[in-house]
Amino acid sequence: EEDVSEKKAAATGEEVSVDDQGGGATQQLLGIRGAKEETNIWKIRLQLTKPVTWVPLVWGVLCGAAASGNFTWTPVDVAKSLTCMIMAGPFLTGFTQTINDWYDREIDAINEPYRPIPSGKISEEEVKAQIWFLLLAGMATSYGLDRWAEHEFPVMLTLTAFGCFISYIYSAPPLKLKQNGWLGNYALGASYIALPWWAGQALFGTLDWKVGDPNPKAKPLLECPNPRCFEEHAPSEDAEADW
């Protein structure tokens, strides 16, 4: 199989270094640029979902679960969080990346003709089927998490639907937010940072605008410049004994 770097070299007349020729298989599986060309349809499907981009979503779910204050390292809570990570990473991020490549197929045919869709290594029907599968799998998983968490309002399903809508208008015309520096970056940031965090927090707690008051004993320590404040508001021996 011909390496992508070799195709680039043939087009530009540049020499291909030994380093450029290595590591292509790993890059292909992770969906990183410069990947080695592949003919296995399942590896190509995986490449379209760009697994390397799942990491911040998975981490965001974990942060949101911790922020809820209700997550515990029990088998049930761990299973819930892992299910939510699969929803946010492989399913919904995979959906986002696949649909982005689909709507970029014409410009990729000019700039990166070796990519899976413009190169014809995966058919249009197969790409559409993958988009629908990942979308429906993400929606179904979010609904299942709502039932598992016994939510009265389907907050997980709502967050998923909103995220998928943002993913669509980010990549698809006529809006195609990625063409606008401000709107595109905001949509991308919300999708990769806020939504997985909200999902993790909503799964184990609640989403609202309330912010808890800080410890009342800590407030004078921040506001009073006099060192004696630390003595006046320091925890008593009884309080220390409670710890």
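Is Lys-50 buried or exposed? Lys-50 is buried, with a relative accessible area of 12%. Buried here means under 20% relative accessible area, exposed over 50%, and partly exposed in between (1.4 Å probe, protein chains only).

This is a predicted model: local features need pLDDT of at least 70, side-chain atom pairs count only at pLDDT 80 or more, and totals for chains, interfaces and linings use all residues. Residues are numbered from 1 along each chain as its sequence is written, and side-chain values use heavy atoms, with hydrogens and water left out.

Lys-50 sits in the loop between α4 and α5. Helices (H or I, at least four residues) are DSSP runs, numbered from the N terminus. The loop between α9 and α10 holds Lys-176. Lys-176 is buried too, at a relative accessible area of 14%.

Pro-174 lies in the loop between α9 and α10. A cis peptide bond links Pro-173 to Pro-174, with omega about 10°.

**Nonpolar cores**

A nonpolar core is a set of buried Ala, Val, Leu, Ile, Met, Phe, Trp, Tyr and Cys residues joined through side-chain atoms within 4.5 Å. The largest one has 32 residues. Those touching the most other members are Cys-84, Met-87, Phe-95, Val-127, Met-156 and Leu-203. Two or more residues come from each of α4 (41-49), α5 (55-68), α6 (75-103), α8 (124-148), α9 (155-171) and α10 (181-204). Helix α6 gives the largest share, 8 residues. A second, separate core has 5 residues, including Ile-166, Tyr-170, Leu-177 and Ala-187.

Cys-84 is buried, at a relative accessible area of 0%. Leaving aside residues up to four places away in sequence, Cys-84 touches Val-61, Leu-145, Met-156, Ala-199, Gly-200 and Leu-203. Contact means heavy atoms within 4.5 Å. Cys-164 is buried as well, at 8%. The structure holds 0 disulfides, a disulfide being a pair of cysteine sulfur atoms within 2.5 Å.

**Thr-93**

Thr-93 belongs to helix α6. At 4% relative accessibility, Thr-93 is buried. Its side chain reaches the backbone oxygen of Ala-88 at 2.6 Å. Beyond residues up to four places away in sequence, Thr-93 touches Thr-49, Thr-53, Trp-54, Leu-57, Ala-88 and Tyr-192.

**Helix α5**

How does the length of α5 check out? At 1.5 Å a residue, its 14 residues should span 20 Å, and the end C-alpha atoms are 20 Å apart, which agrees. The expected span is 1.5 Å times one less than the number of residues.

The buried residues of α5 are Leu-57, Gly-60, Val-61, Gly-64, Ala-65 and Ser-68. Seen down the helix axis, they fall within an arc of 135°, so they line one face. The arc is that of the directions from the helix axis to the C-beta atoms. An α-helix has 3.6 residues a turn, so residues three or four places apart point the same way. The buried residues of α5 pack against α6 and α10. The face turned away from the buried side carries the exposed residues Val-55, Trp-59 and Ala-66.

Conventions:
A polar contact is a pair of N or O atoms within 3.5 Å; within protein, one must be able to donate a hydrogen and the other to accept it, and residues adjacent in sequence count only if both atoms are side-chain atoms.
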